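Hi everyone, thanks for coming along.

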Amino acid sequence: MTWFFIAVIALESLVSVFGQYKWYDLKDSVINLTLAFLNLSLDLLLKGFTYFILDWFHQFAFIQWTSVFWLWATLIILEDLAYYTLHWVDHNVRFFWAVHVNHHSSQKMNLSVAVRSSVLQPLYRFVYYIPLALLGFEAWQIMLAYAICNAWGFFIHTEAIGKLGLLDKIFATPSNHRVHHGSNPHYLDRNMGMFLIIWDRIFGTYQEEREEVIYGLTKNIESDKISHIIFHEWKNIAKDVKRAPGLRNKLMYIFGPPGWSHDGSTLTSKQMRKAYFAKRQKTMKPLENDFAEQEEMVA
């Protein structure tokens with residue numbers, strides 16, 4: 001499967017070159033593949049541990065599945081909900097954002113960005129799938145369902161596919177996921193589903209792709225050093241904790257939302273969205289259903 005993904009990345013990069021689309025940057029792609037290798041190595045190292053934990057909790061399962069169809073249909077849906085929860089926490093708790101941020105630090109959008117993985121995420125990801133074991137799903141089934149949804153997630157990291165109409169309303173699609181990688185204020189922390197987009201619609205984190213996406217972070221790190229890409233946010237947390245007055249502020253810099261500051265010197269994504277839409281209401285004609293939706297989201 002790894003070689004298949006590499007082949008597809010190579011194919012998209014060739015289309016980019018010959019079509020002059022500028023989807024790829026060689027240095028960026030090398031970083032993406034390096035981070036993928038590091039993540040895969042850690043993931044493989046912890047595979048047995050993850051299986052053991054899920055298998056141990058499965059002995060306490062209070063549901064027994066008799067229908068193979070309903071087992072897999074339900075598992076895929078619940079696995080995606082578990083991933084949405086993991087992803088939401090990664091975006092809203094700075095301690096975990098420090099792990100996930102390297103996936104968002106590319107200023108490009110292509111299939112190689114899909115493998116620009118959150119290197120340290122395998123250390124805690126399994127926790128979110130323990131409830132599935134308690135619901136009667138075996139460890140191998142949970143891990144296979146994750147792999148299936150992750151494979152879908154690979155193909156939505158692309159600019160080669162435009163909007164897909166009805167599919168954009170149900171599934172995580174390239175259009176929906178481009179929004180997720182945007183640093184535009186109204187795109188921040190939106191569209192966090194990996195297979196289905198319905199969770200974002202239910203929990204108020206959905207945003208349609210309406211304007212050109214500016215990829216990357218609100219403050220890009222501008223570094224090619226792998227160690228800095230992986231650990232830069234941890235360094236920033238340490239600096240903020242050191243200068244913060246009082247225990248509460250120190251804890252907020254660790255477990256509060258990214259961008260939170262005790263003195264207002266930096267803003268959270270929610271604050272940036274609110275400021276953006278307030279300004280847009282004064283200066284621009286609203287798009288259809290624009291401000292009503294967004295004001296409800298940032299309230």
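Let me start with N191, which at 0% relative accessibility counts as buried (buried is under 20% relative accessible area, exposed is over 50%, and partly exposed is in between, with a 1.4 Å probe and protein chains only). You'll find N191 in the loop between α9 and α10, the latter being residues 198-203. Helices here are DSSP runs of H or I with at least four residues, strands are E runs of at least two, and numbering goes from the N terminus.

A quick word on what we're looking at: this is a predicted model, where local features need pLDDT of at least 70 and side-chain atom pairs count only at pLDDT 80 or more, while totals for chains, interfaces and linings use all residues. Residues are numbered from 1 along each chain as its sequence is written, and side-chain values use heavy atoms, with hydrogens and water left out.

So how confident is the predictor? pLDDT is its confidence in each residue, from 0 to 100. The protein chain has a mean of 93, and 94% of its residues reach 70 or more. Residues 295-299 stay under 50, though, and the model has eight contacts for them beyond four places in sequence. A contact, by the way, means heavy atoms within 4.5 Å. Where pLDDT is low, the predicted coordinates should not be read in detail.

Back to N191, and its backbone: phi is near 55°, a positive value in a residue other than glycine. Most residues other than glycine have a negative phi. Q20 also has a positive phi, near 55°. Is Q20 buried or exposed? Exposed, with a relative accessible area of 67%. Q20 sits in the loop between α1 (2-19) and α2 (26-58).

While we're at α2, that helix holds F37, which is exposed with a relative accessible area of 56%.

Now for some helix packing. Two packed helices are described by the angle between their axes and the distance between the axes. Take α3 (residues 68-92) and α4 (residues 94-104): they pack at an angle of about 100°, with their axes 6 Å apart. That makes them roughly perpendicular to each other (65 to 115 degrees; under 35 is roughly parallel, over 145 roughly antiparallel, and the rest oblique). On the α3 side the contact is made by H87, V89, D90, H91 and N92, and on the α4 side by R94, F96, W97, H100 and H104.

Let's zoom in on H87 of α3. H87 is buried, with a relative accessible area of 2%. Its side chain joins that of H100 in a polar contact of 3.2 Å (a pair of N or O atoms within 3.5 Å; within protein, one must be able to donate a hydrogen and the other to accept it, and residues adjacent in sequence count only if both atoms are side-chain atoms). Setting aside neighbours within four places in sequence, H87 is in contact with H100, H104, H180 and M192.

Over in α4 there's N102, buried at 1% relative accessible area. What does its side chain reach at 2.5 Å? The backbone oxygen of S117. Beyond four places in sequence, the contacts of N102 include L35, R116 and I229.

Last stop, F171, in the loop between α8 (167-170) and α9 (174-180). At 21% relative accessibility, F171 counts as partly exposed. Leaving out residues up to four places away in sequence, F171 touches W152, N176, F195, L196 and I197.

Conventions:
Axes are lines fitted to C-alpha atoms, for helices over the stretch in contact, and angles run from 0 to 180 degrees between N-to-C directions. pLDDT is the predictor's confidence in each residue, from 0 to 100.
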